[in-house]
Structure formats: structure tokens, C-alpha cells
Amino acid sequence: MSGGRGYEGGRTRMGTVVLLNVYDLSPANEYLHSIGLGLHHSGVEILGKEYSFASGGGVFDSTPKEAPGAKFRESIELGSFEGGSAEVSSAISDLREEFGPDRYNLIRRNCNHFANALVWRLLRRTIPGHVNRLANIGQCCSCFLPKKLLEESPVGPNGGGGGGSGGGFQVYGRDKKNDCSSSTPAFSGAGNTLGSQDAGSRVPLLGSWRGGGKKNDETLTDRREKARMAALARFEAQNAGSDRE
């Protein structure tokens with residue numbers, strides 16, 4: 001069940017309600033969401049606090065539904081936790097080493113991976129697959145992404161990206177005047193497109209890498225396109241297998 005502010009992750013007669021707050025990190029989600037994909041940030045709301053994970057900050061808590069640099073999309077009620085605040089604190093403490101400040105990875109250990117781990121500790125269930133599906137697909141082509149981008153989170157505990165210097169995400173609410181990104185960002189420009197090849201209908205995802213010349217740009221674009229097609233084919237094959245089952 002998803003909707004507005006729900007039960008606020010508070011205590012009920014049936015236990016403590018656990019909510020997954022999901023955010024959009026890019027306007028491209030307006031197109032991706034309908035096919036079960038998207039660039040998402042998420043946090044687990046319980047007992048009036050929202051818990052998430054970022055580079056540089058590790059596990060942190062914040063005001064529910066107010067992640068900086070992201071646009072709130074929905075709250076998904078995941079179930080009721082029978083324990084109290086002590087058990088919640090214990091579950092979070094158990095995850096702090098695995099999700100330390102220097103262990104963030106956009107593809108393999110991001111905020112959605114943390115949310116999934118915490119929800120499993122509390123409820124013995126996983127978060128909805130669409131929240132982190134794009135990262136799972138991206139594992140097969142992560143070698144094409146700069147290391148700096150992979151290690152910086154778009155949302156962090158101090159009002160912006162966890163890394164503090166990354167300009168590689170097209171996120172909501174970012175103040176360009178106060179942006180501390182490098183003068184030569186890892187990603188910029190129109191980037192990859194979704195759907196039509198018409199330049200007027202292009203939707204930027206993560207931007208295009210500035211390589212060492214036009215020839216290198218074209219070669220990298222071809223490699224990315226092949227990787228994207230392979231990932232989509234793999235995704236469709238998995239869905240087809242699930243339908244047959």
C-alpha cells in the first residue's frame with residue numbers, strides 16, 4: 001500500500017509501522033517509472049525518523065519525506081515491527097560497519113541496498129524490486145562509469161550529495177550557486193536518451209562523459225549503447241522467464 005503520509009512510521013496496536021519513503025533523483029523517472037525502472041533514493045521511516053545511507057556520512061537519520069536534492073514520490077507501507085526503539089537501534093547498529101562512510105557504491109552498495117538490509121532485519125522481507133532495479137541492471141556495465149561517480153551519493157545527511165563534490169547527478173532541488181562540484185564535472189550535457197531519437201525528445205539520465213576528443217566520445221557512446229541494449233535484453237529475458245513460471 002502506498003500513498004501520502006500514511007501512519008508516519010509510528011506505533012500502533014499491531015506494532016510499529018515501517019514505511020519505505022521513495023524519492024525521484026531525475027525527471028527521467030516520469031518516463032522510467034511506468035516500465036518499472038527509475039533513479040531512486042529511499043529511506044526507512046520508523047518511530048518518527050527516516051534512516052538512510054550516503055557516502056561520507058554512512059548511516060544517518062533525517063526528517064521523514066524531506067531528503068535534500070530529491071523529490072518525494074511515495075511512501076510504501078511494508079509491515080509492522082513487533083519490537084521497540086531499542087530493537088530498532090540495535091538493528092541499525094548491526095548495519096553500520098557494512099554501510100560505513102567510505103563503503104558507498106552507486107551500483108553495489110547504495111541507499112536502496114541499505115533500506116533493503118534494514119527492512120530485512122526488521123520484517124524479514126525485501127523492498128519492492130523497482131526501487132533499485134536500475135542499479136541491479138547497471139552492475140553489468142558499471143565498468144563504463146567513472147570511479148568518482150560510483151563512490152558519491154546524490155543524497156546525504158548535510159543537505160546534499162554525500163560525497164560533497166559530485167556533480168554527476170541530475171537531481172531535484174540542487175542550488176547551482178552553492179554547488180561545490182568541480183569545474184569539469186564527470187558527467188554533463190544531454191546524455192543518454194530514452195525512446196525517440198529526435199533531439200527534441202531526449203531525456204537526460206546521468207549526462208555524457210567528456211573524454212579526450214571526438215573519436216573517443218563516439219567510441220564510448222557505441223560501447224554504452226551496446227551495454228544498454230545487452231542490459232535491456234537481459235532484463236526482458238528475466239521478465240519473460242518470470243511470466244512463464
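## Salt bridges in the model

A salt bridge is a side-chain nitrogen of Lys or Arg within 4 Å of a carboxyl oxygen of Asp or Glu. The structure is a predicted model, in which local features need pLDDT of at least 70 and side-chain atom pairs count only at pLDDT 80 or more, while totals for chains, interfaces and linings use all residues. Residues are numbered from 1 along each chain as its sequence is written, and side-chain values use heavy atoms, with hydrogens and water left out.

By the salt-bridge rule, the count comes to four. One of them joins Asp94 and Arg121, whose closest N and O atoms are 3.2 Å apart. This pair links distant parts of the chain, since Asp94 belongs to helix H2 (residues 85–95) and Arg121 to helix H3 (residues 111–123), 27 residues apart. Helices (H or I, at least four residues) and strands (E, at least two) are DSSP runs, numbered from the N terminus. Asp94 is partly exposed, with a relative accessible area of 44%, and Arg121 is also partly exposed, at 38%; here buried means under 20% relative accessible area, exposed over 50%, and partly exposed in between (1.4 Å probe, protein chains only).

Arg73 pairs with Asp24, the closest N and O atoms lying 2.9 Å apart. Because Arg73 lies in strand E7 (residues 71–81) and Asp24 in strand E3 (residues 15–24), the pair ties together parts that are 49 residues apart in sequence. Asp24 counts as buried at 3% relative accessibility, whereas Arg73 counts as partly exposed at 25%.

Arg73 also forms a salt bridge with Glu30, where the closest N and O atoms are 3.8 Å apart. Glu30 lies in helix H1 (residues 29–32) and Arg73 in strand E7, so this pair ties together parts that are 43 residues apart in sequence. Glu30 counts as partly exposed, at 48% relative accessibility.

## The largest nonpolar core

A nonpolar core is a set of buried Ala, Val, Leu, Ile, Met, Phe, Trp, Tyr and Cys residues joined through side-chain atoms within 4.5 Å. The largest one has 28 residues, of which Leu20, Phe114, Leu118 and Leu122 touch the most other members. The elements giving two or more residues to this core are E3, strand E4 (40–46), strand E5 (49–54), E7, H2 and H3, and the largest share, seven residues, comes from H3.

Leaving aside its neighbours within four places in sequence, Leu20 is in contact (heavy atoms within 4.5 Å) with residues including Val44, Ile76, Leu78, Ala115, Ile127 and Val131.
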